[in-house]
Amino acid sequence: MPLIDLANPSRFLTLAGRILPWLVAVTTLVLAVGLYQSAIAPDDYQQGATVKIMFIHVPNAWLSMFVWGVMSVAALGTLVWRHPLADVAAKTAAPIGAAFTFLALLTGSLWGRPMWGTYWEWDARLTSVLILFLMYLGLMALWRAVEDPSRAARAAAVLTLVGSVNIPIIKFSVDWWNTLHQPASVVRMGGSTLDRSFLIPLAVMAIGFTLLFLTLHIAAMRNEILRRRVRTLQMLQASKSVA
Amino acid sequence: MTALAAVIRRDVRVALRVGGGALIGVLFFLTVVVLMPFAVGPDLALLKKLGPAILWLGALLASLLTLDRLFTADHDDGSLDLIVMGRTPLELVCAAKALAHWLAVGLPLVAATPVLGLLLNLDAVATGAVALTLLAGTPALTFTGMVGAALAVVLRRGGLLLSVLVLPLSIPVLIFGVAASNAAISGPSPFGTPFSILCALSLASLVIGPFAAAASLRHGLD
């Protein structure tokens, strides 16, 4: 189905209403399976049970970047194709992405306390995720600074695209900054060295969280469309009562 | 080409005259650097160690706080609308305006660095290194900041929002600027690598900044 069919918000609402119950069911199922598998996964020989924080932490960290990618595509949709739903998608993705990023930071911090002995370490990864979080908050502030949604959409779209160029640069520079100043004392999780007993629950959790994002995003988009309709109706009402 | 040269000449002239406020940036830079010893103590050895970082932070803040001058005056008197509708490509005009802004605001910061280096007990090599990295890095600050300035003028409320949007984008410049200065002063690591990356960041922002700023002006002002 081409995206242009979804340009009509009513059609999108119908489709969202049809998809959402199924999506919720599948998300719940996958997350339940993932959580169960994470719970029965063996303890790490060094980290003990705290390694299970990873099953929450890594999907959140992955989504913190994935959501910015979704917003970048939506920003292109706003600026290039003028797709009517693109700015709704971009606007509603920002708070969800910020929440995932915050959870990644929070779980990382809680994991860091027993492992590194500190809640915060100026580790390259933590730092770049923190900067990503700041950029999400800045973007949300930008959305809230303008009343007219379509103007806010175009301003936010430019910032999102600039951010998507800049985020890899920031990530690279922070990596460089940290490795220069600190010897490799920080515990780093090597992705390829992960055992299968950890890898499978992690993959299931990653899929589950991605589904969770899809569910939340579609629901938030539906709410945003309805909110805009309510606003339009209220404006109409107000102008009628004046006239 | 003559149109762009005219834009540059006009902007520099406006910035240097009464009400232009180009030199307020240098004054702010001086004030921030003078404040630092009050915060960390008059320990000359410590100040020498922190010197490059202090100078870079001061220059970053000074160039950030002068950014809203880039478009607001033109927006207030309506000439920005003429520029947007004009025949000269908006991207090129944005680049020219940012270049003029850098000449009026960024270059004085670089020129002031040797004097401020004395205050922070930096020797000649260290001062030269910081000035050189600032010369290479401040264009990146101006050209990435221009995107924020364009967004702020479109939204009609710059100020804090502009800072919040622009500061995260300037982190790489800060990292490599301070790293290159420190490498030249004390570090065992070579000066060339971070300095080349700093130049690369400036060149990249020279390309990306005008396009993003022009896009937000064009989409925002109509």
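Guide: Let us take chain B, whose elements, read from the N terminus, run α-α-α-α-α-α-α-α-α-α. That comes to 10 helices and 0 strands. Please keep in mind as we go that this is a predicted model.

Start with the overall form of chain B. Its C-alpha atoms fill a box of roughly 55 × 35 × 30 Å along the principal axes. For 222 residues, a compact globule would have a radius of gyration near 17 Å, and the 18 Å of chain B agrees with that. Buried residues make up 51% of this chain. If you take the contacts in chain B between residues at least 6 apart in sequence, 80% of them join residues at least 24 apart.

Now follow the chain along helix α6(B), which covers residues 90-119. This helix has 30 residues and reaches 42 Å from its first C-alpha to its last, close to the 44 Å expected at 1.5 Å a residue. Look for B:T113 on the way: α6(B) bends by about 40° there, and a proline, B:P114, follows within four residues.

After α6(B) comes B:N121, with a positive phi near 65°. You will find B:N121 in the loop between α6 and α7 of chain B. A positive phi stands out here in a residue that is not a glycine. Is B:N121 buried, exposed or partly exposed? A residue needs 20 or more other C-beta atoms within 10 Å to be buried, and 12 or fewer to be exposed. B:N121 has 16 such neighbours, so it counts as partly exposed.

Next is helix α7 of chain B, residues 124-155. To see its part in the structure, turn to the largest nonpolar core, which has 136 residues. Helix α7 of chain B gives the most to this core, with 17 residues. The core members that touch the most other members are A:A90, A:A156, A:V158 and B:A150. In soluble globular proteins, nonpolar side chains tend to be buried together.

Further along chain B, stop at B:S170, in the loop between α8 and α9. Which residues does B:S170 touch, leaving aside those up to four places away in sequence? They are B:L60, B:L141 and B:T144. Why does B:S170 count as buried? It has 23 other C-beta atoms within 10 Å, and the cut-off for a buried residue is 20 or more.

With that, we can turn to the partner. The contact between the chains takes 22 residues from chain B and 22 residues from chain A. On the side of chain B that touches chain A, α7, α8 (160-169), α9 (171-185) and α10 (192-221) each supply at least two residues. Which of the helices gives the most? That is α10(B), with 6 residues. By kind, this side of chain B divides into 17 nonpolar residues, 4 polar and 1 charged.

Chain A has 6 helices and 0 strands. Buried residues make up 36% of its 243 residues. Among its contacts with a separation of 6 or more, 82% are between residues 24 or more positions apart.

Within chain A, look at helix α4, residues 124-145. It has 22 residues and reaches 31 Å from first C-alpha to last, close to the 32 Å expected at 1.5 Å a residue. Its buried residues include A:L132, A:M135, A:Y136, A:L139, A:L142 and A:W143. An α-helix has 3.6 residues a turn, so residues three or four places apart point the same way. A:L139, A:L142 and A:W143 come up again among the residues that A:A156 touches, together with A:A90.

One last stop in chain A is A:R82, in the loop between α2 (54-81) and α3 (86-116). A:R82 is a residue other than glycine with a positive phi, near 50°. With 13 other C-beta atoms within 10 Å, A:R82 is partly exposed.

Terms used. Residues numbered from 1 in each chain as written. Chains lettered and ligands numbered in written order. Predicted model: local features only at pLDDT ≥ 70, side-chain atom pairs only at ≥ 80, totals over all residues. Core = buried A, V, L, I, M, F, W, Y, C linked by C-beta atoms within 7 Å. Contact = placed C-beta atoms within 7 Å. Rg over C-alpha atoms; globule rule 2.2 N^0.38 Å. Nonpolar A, V, L, I, M, F, W, Y, C, P; charged D, E, K, R; others polar. Expected span 1.5 Å × (residues − 1). Bend = angle between axes of the 7 residues up to and from the residue.
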